[in-house]
Amino acid sequence: YQRRVRGWKEGQHWINADLCKADRDAYFFSPKRSEEEARGSKAEGRREVEEVEDGKEEGSGSRREEGGQPLNIFYTNANGLFNKIDELKCILSVYKNINVICITETHFNSDILDAEIHIEGFVMFRKDRDFKSENSTKNSGGGGSIIYVKSYFNASFVNSFNTAPDSLAVSMTTSGGVINICCIYRSTSLNLNQNNILLSCIKNICNVKSDLETILRGDFNLPNVFWETGSINSNIASKNQFLMNQQKFLDIFNDRGLTWYYTMRLLEDGL
């Protein structure tokens with residue numbers, strides 16, 4: 001069970017301890033592997049999913065809870081959650097084994113009460129957009145993230161992540177130990193300082209000296225990252241600030257020992 005990151009931008013994805021069950025052609029990449037191994041891991045990724053589902057063994061993508069049940073995490077970019085709460089509750093009524101819900105682009109503000117977005121059986125942690133766009137006197141709206149955790153888990157905010165724009169992290173105690181789950185929305189409208197703050201928060205929570213496991217979920221908006229090899233698809237000498245910001249995030253993922261899973265849709269759509 002390793003620190004890992006997903007780079008998906010849109011759509012609903014629920015995962016078995018961050019190994020996607022819905023997308024069975026998931027690929028795996030670790031900076032420690034060669035490019036050939038990364039390209040050839042399709043069958044291995046499918047095999048790991050099948051082994052977890054069949055209960056044969058845990059595999060590297062599974063953390064099992066009491067009674068041998070895996071930790072199931074649901075993620076989606078909502079692009080406005082308030083009018084979709086009922087739809088989310090319908091999904092939960094079908095997939096009753098979801099333990100954690102991570103949602104980006106909630107578009108919430110202080111006018112929306114916790115009681116209006118409460119989901120029975122879950123504890124809610126929300127981070128509304130609290131910064132202003134340049135040359136604006138009001139919060140820019142949009143953005144924001146939220147995490148719902150099943151109430152039988154002991155979960156709390158990770159305070160060191162509070163400064164991250166549009167993003168949050170919770171620490172939760174499981175039968176396998178304490179795990180950090182981050183829900184990150186990296187807006188393309190973030191300025192250089194805001195990008196650096198988010199980078200710093202990711203760097204700190206993924207401290208290599210820490211024994212805590214960490215999962216990053218969310219929308220990173222890194223369209224020029226070639227996830228198959230873990231590199232930026234551009235001229236290495238480029239001075240383009242947009243590309244340089246993407247390289248900074250990729251450097252953090254590599255330096256902090258993060259491992260990611262991706263699908264062919266991620267590569268085809270350039271997400």
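Which backbone nitrogen does a side-chain oxygen of Asn240 reach at the start of H5?

1. The model is predicted: local features need pLDDT of at least 70, side-chain atom pairs count only at pLDDT 80 or more, and totals for chains, interfaces and linings use all residues. Residues are numbered from 1 along each chain as its sequence is written, and side-chain values use heavy atoms, with hydrogens and water left out.

2. The nitrogen is that of Phe242, and the side-chain oxygen of Asn240 comes to within 2.8 Å of it. Helices (H or I, at least four residues) and strands (E, at least two) are DSSP runs, numbered from the N terminus. Helix H5 has 15 residues (241-255) and should span 21 Å at 1.5 Å a residue, which agrees with the 21 Å between its end C-alpha atoms; the expected span is 1.5 Å times one less than the number of residues. After H5 comes Gly257, with a positive phi near 75°.

3. Buried means under 20% relative accessible area, exposed over 50%, and partly exposed in between (1.4 Å probe, protein chains only). In H5 the buried residues are Leu243, Asn245, Gln246, Phe249, Leu250, Ile252 and Phe253.

4. The whole structure holds 5 aromatic pairs. Rings of Phe, Tyr and Trp (its six-membered ring) pair if their centres lie within 6.5 Å; planes under 30 degrees apart count as stacked, over 60 as edge-to-face and the rest as tilted. Phe125 and Phe157 are edge-to-face because their planes meet at 85°, with ring centres 5.1 Å apart. This pair links strand E7 (residues 122-127) to strand E9 (residues 154-157), 32 residues apart. Phe125 is buried at 6%, whereas Phe157 is partly exposed at 35%.

5. Trp227 and Trp260 are also edge-to-face, with centres 5.4 Å apart and planes at 75°. Both are buried. Ring pairs join Phe220, Trp227, Phe253 and Trp260 in a cluster.

6. There are 3 salt bridges, each a side-chain nitrogen of Lys or Arg within 4 Å of a carboxyl oxygen of Asp or Glu. Arg126 has closest N and O atoms 2.8 Å apart with Asp114 and 2.6 Å apart with Asp128, and the three residues form a network. Asp114 is partly exposed at 43%, Arg126 buried at 17% and Asp128 buried at 16%.

7. Asp166 and Arg129 form a salt bridge at 2.5 Å, tying together parts 37 residues apart in sequence. Asp166 is buried at 0% and Arg129 at 11%.

Definitions and conventions. A polar contact is a pair of N or O atoms within 3.5 Å; within protein, one must be able to donate a hydrogen and the other to accept it, and residues adjacent in sequence count only if both atoms are side-chain atoms.
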